[in-house]
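Student: I have a new structure to read. Could you take me through it?

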Amino acid sequence: MKLTLKPLLGIVGISLLNLSLIGCGSDDKHVTLKLAHNLDTSHSVHQGMIFMNERLKELSNGTMDIKIYPNGQLGSERDTIELLQIGSLDITKVSASPMENFVPKMKIFSIPYVFRDHDHFWTVLNGDIGKSLLIEGESVKLRGLAYYDSGARSFYTRDKPIYTPKDLEGLKIRVQKSKTSVRMVESLGGAATPISFGELYTALQQGVVDGAENNPPSFYLSKHFDVARFYTLDMHTSVPDMLLISGHTWNKLTITQQNWVQQAASLSVPYQRTLWKKSSDEALKAVEAAGVTIIKPDKSKFQDAVKDMHDSYKDTPVYSLMQEIADIK
Ligand code: GCU
């Protein structure tokens, strides 16, 4: 469905290298920041970025703006993270799952049932833990600007409805490129297959995988529901979307410019979250109206199935983080 221009990435990367950060580092020159992400333009995340661009233009009196490349035009999430690291792209928005390959602590978000509910999740993100995780990637040139809402992820399947983890046995389930997501699916009984988001529609259509897992807007806007007709709301993980700026770009900006970018990003969060809530409800209604079977399973069976996975983190740094999170009211 989606056109992935990965083969062109090398060429695009080179041209971005030349184009990126025009006039950066000086208050009296115009600065255009390049931002790439893999979601559709109707997605609340894209709308949030448009809002951020408007705020940045206002705050900087028209001296800064952002050019947005949506729909995976500049490659997968892993690709755009790497472009940030080498300084060929200024900003990206990625899921926190593939970030664990660059910032190990990010795996916390791909461990199932770490958060009690959506409110608990946002209390953690807005608190000390969320704030420190956001800038944890600074040493690898990946500075977080903000978290966007990405709701909770649930399984969807082509041919067989999932009511309990037992139903996942023998099924190939697409996950993001994250080892912890692989373990999550395996601990629930499925066989995990990492595939990038842009390639998933075809993989589902051709039966390369039997299912996948995602939040309602991505399930709907990617049209995966055309081919995966069962959606089981087990809500195993809450993985935020993250807005990241390249450390190379950040360091070339003046303090004033850094403040404008940070403010514009922070201002876009409540806007995106309001749109998110609405679009998530609408997506569920739309897929149901299109004939998808929505299943509300007994979540405790899924929670029980991942206890061994949780225990396996004992004696690792992430376990204390899990406990700290559990203690947050
Ligand atoms: C979410 C997220 C995307 C990500 C996708 C995925 O929809 O917003 O950024 O690419 O999950 O599963 O790959």
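Tutor: Start with a term: a salt bridge is a side-chain nitrogen of Lys or Arg within 4 Å of a carboxyl oxygen of Asp or Glu. This is a predicted model: local features need pLDDT of at least 70, side-chain atom pairs count only at pLDDT 80 or more, and totals for chains, interfaces and linings use all residues. Residues are numbered from 1 along each chain as its sequence is written, and side-chain values use heavy atoms, with hydrogens and water left out.

Student: How many salt bridges does the rule find across the interface of domain 1 and domain 2?

Tutor: First, the bounds, which come from an automatic or database domain assignment. Domain 1 covers 6-149 + 239-279, and domain 2 covers 153-237 + 282-327. Across their interface, the rule finds 1 salt bridge.

Student: Which residue forms a salt bridge with Lys 278?

Tutor: Look for the closest N and O atoms, which are 3.4 Å apart. The partner of Lys 278 is Glu 282.

Student: What area is buried between domain 1 and domain 2?

Tutor: Buried area is the accessible area (1.4 Å probe) that two parts lose on being put together, summed over both. Carbon and sulfur atoms give 65% of it here. The total is about 2,700 Å².

Student: Which three residues supply more than any other three of the area that domain 1 buries against domain 2?

Tutor: Their share is 27% of the area on that side. They are Ile 111, Pro 112 and Tyr 113.

Student: How many residues of domain 2 are in contact with domain 1?

Tutor: Contact means heavy atoms within 4.5 Å. Domain 1 brings 29 residues to the contact. Domain 2 brings 33.

Student: Thr 164 is in contact with which residues, leaving aside its neighbours within four places in sequence?

Tutor: Asp 298 is 134 residues from Thr 164 along the chain, yet their C-alpha atoms are separated by 7.5 Å. With neighbours within four places set aside, the contacts of Thr 164 are Lys 301 and Phe 302.

Student: What pLDDT does the chain average?

Tutor: pLDDT is the predictor's confidence in each residue, from 0 to 100. It stays under 50 over residues 1-19 and over residues 22-27. Where pLDDT is low, the predicted coordinates should not be read in detail. Still, 91% of the residues score at least 70, and the chain average is 93.
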